[in-house]
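Biologist: Could you walk me through this model before I start on it?

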Amino acid sequence: MRSIHVKSYAQLSFEAAKIIAAQIALKQDTVLGLATGSTPVGAYQQLAEWNQQGKLDFSQVRTFNLDEYRGLAGDHPQSYRYFMQKHLFSQINILPGNTHVPQGDCADASAECANYDSSILAAGGIDLQLLGIGHNGHIGFNEPSNCFVLPTHEVALTQRTLEANSRFFDAAEQQPRSALTMGIAPIMQAKRILLISQGSEKMPILEKALYGPVTPEVPASILQLHPNLTVIYNESDC
Ligand code: F6R
């Protein structure tokens with residue numbers, strides 16, 4: 001594991017964007033695994049800036065997002081497809097057909113999940129997977145459980161995750177209670193993983209994940225077994 005300690009969110013975003021940009025420079029048709037949530041927004045802004053300045057080309061890049069809320073269509077403002085369009089895809093020269101987010105409003109979740117895993121394999125697997133970490137140690141929406149679920153699957157969100165993510169929903173809005181998430185297999189099969197963690201409140205779970213026992217009760221702890229893991233963390237709240 002390589003760990004990079006930074007002192008601000010701006011630095012975390014810059015370091016993460018540099019690693020992603022270097023990956024694309026090395027392999028123009030890179031397959032990126034992408035995350036939503038607050039943490040990667042700064043890195044996405046930086047990548048978009050470099051793209052607009054002509055320094056970084058996404059024309060051959062393919063992306064697979066980690067997760068999507070069950071029941072939300074891609075044009076729903078709280079959907080992760082919408083989030084990705086807003087924060088990254090609409091700002092860079094990526095081909096829309098090269099971006100993949102599980103379809104939350106599909107009729108058949110198991111078929112959608114199986115199809116998602118097949119598409120990742122058909123693309124040659126993920127070259128670089130970007131991850132955030134949940135307060136309960138989740139990665140994607142792989143919630144604490146008594147076993148690691150390998151394939152992409154539908155998952156019931158825990159109370160902790162529902163509370164953490166309620167900030168994105170208006171009081172009147174119905175917050176989905178389940179999601180489709182990339183499983184542990186496609187994440188761990190990524191050639192390289194970049195985990196980013198922002199703020200003091202994430203430090204206890206980050207330490208548990210990286211130095212505690214490997215257990216499905218702390219899903220991110222499986223990352224200890226990955227041969228090419230980079231962690232960028234900022235323990236301050238600035
Ligand atoms: C989102 C995702 C989640 C988040 C995690 C941290 O696609 O996969 O695992 O990375 O919940 O979220 P933030 O960055 O908002 O703290």
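This is a predicted model: local features need pLDDT of at least 70, side-chain atom pairs count only at pLDDT 80 or more; totals for chains, interfaces and linings use all residues.

Biologist: How many helices and strands does the chain have?

Modeller: The chain has seven helices and 10 strands, and its radius of gyration of 16 Å is close to the 18 Å that the globule rule gives for 238 residues, so it is as compact as a globular protein of that length.

Biologist: And what share of the residues counts as buried?

Modeller: Of the 238 residues, 56% count as buried, while the accessible surface comes to about 10400 Å², with 52% of that belonging to carbon and sulfur atoms.

Biologist: Switching to α3, which of its residues are buried?

Modeller: In α3, which covers residues 80-87, Tyr80, Arg81, Phe83 and Met84 are buried. Viewed down the helix axis, the buried residues of α3 fall within an arc of 160 degrees, so they line one face of the helix.

Biologist: What do those buried residues pack against?

Modeller: They pack against β2 (31-34), α2 (41-52), β3 (62-65), β4 (67-69), β5 (99-100) and α5 (159-165).

Biologist: Now His5, where is that found?

Modeller: His5 is in strand β1, residues 2-6, and is partly exposed, with a relative accessible area of 40%.

Biologist: Which residues is His5 in contact with, leaving aside its neighbours within four places in sequence?

Modeller: Those are Tyr233 and Glu235, and the side chains of His5 and Glu235 are also joined by a polar contact of 2.9 Å.

Conventions:
Residues are numbered from 1 along each chain as its sequence is written. Side-chain values use heavy atoms; hydrogens and water are left out. Buried means under 20% relative accessible area, exposed over 50%, partly exposed in between (1.4 Å probe, protein chains only). Helices (H or I, at least four residues) and strands (E, at least two) are DSSP runs, numbered from the N terminus. The arc is that of the directions from the helix axis to the C-beta atoms. Contact means heavy atoms within 4.5 Å. A polar contact is a pair of N or O atoms within 3.5 Å; within protein, one must be able to donate a hydrogen and the other to accept it, and residues adjacent in sequence count only if both atoms are side-chain atoms. The radius of gyration is taken over C-alpha atoms; the globule rule is 2.2 Å times the number of residues to the power 0.38. Accessible areas come from the Shrake-Rupley method with a 1.4 Å probe; for residues, only the protein chains shown count as cover.
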